[in-house]
Amino acid sequence: MTAPLHIANRFDILVDLKPDTLEAILAHFDKTPFDRSTVRTTRHADGTRVVKVVVESLAEEDARAIHDALKKNDRVFDARLEHFWR
């Protein structure tokens with residue numbers, strides 16, 4: 001018997017390296033009833049950071065709302081959203 005598949009959402013967010021930026025970006029996810037499953041950051045030599053956030057079982061409309069809010073944030077250079085089975 002196989003385990004049930006769950007939809008997960010991955011947000012790839014390109015931001016600057018200012019000290020308070022990561023906290024401000026992650027605040028967008030505090031409004032959801034689900035915990036962030038994974039948060040990973042990668043620092044680039046050009047002074048930017050990629051933040052990857054995976055949230056499981058987040059409704060499509062909630063994921064889109066977070067994505068839209070991220071794109072409107074002054075600290076975000078780019079934000080992408082991907083849905084996948086986990």
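E60 comes out partly exposed in this predicted model, at 44% relative accessibility. Its side chain meets that of R64 in a salt bridge, 2.8 Å from N to O. R64 counts as partly exposed too, at 38% relative accessibility.

Another one brings the side chains of R10 and E82 together. Here R10 belongs to strand β1 and E82 to strand β4 (residues 76-85), so the contact ties together parts that are 72 residues apart in sequence. R10 is partly exposed at 25% relative accessibility, and E82 is partly exposed at 35%.

Then there's D78, which forms a salt bridge with R80. D78 is partly exposed, with a relative accessible area of 31%, while R80 is exposed at 55%. Shared partners also link R10, D12 and E82 into one salt-bridge network.

Three of the bridges, side by side:

| Salt bridge | N to O distance |
|---|---|
| E60 and R64 | 2.8 Å |
| R10 and E82 | 2.9 Å |
| D78 and R80 | 2.9 Å |

On the aromatic side, searching the whole structure turns up one pair. F11 is in strand β1 (residues 7-16) and F29 is in the loop between α1 (21-26) and β2 (36-43), so the pair ties together parts 18 residues apart in sequence. F11 is buried at 0% relative accessible area, and F29 is buried at 2% relative accessibility.

Notes: Residues are numbered from 1 along each chain as its sequence is written. This is a predicted model: local features need pLDDT of at least 70, side-chain atom pairs count only at pLDDT 80 or more; totals for chains, interfaces and linings use all residues. Side-chain values use heavy atoms; hydrogens and water are left out. Rings of Phe, Tyr and Trp (its six-membered ring) pair if their centres lie within 6.5 Å; planes under 30 degrees apart count as stacked, over 60 as edge-to-face and the rest as tilted. Helices (H or I, at least four residues) and strands (E, at least two) are DSSP runs, numbered from the N terminus. Buried means under 20% relative accessible area, exposed over 50%, partly exposed in between (1.4 Å probe, protein chains only). A salt bridge is a side-chain nitrogen of Lys or Arg within 4 Å of a carboxyl oxygen of Asp or Glu.
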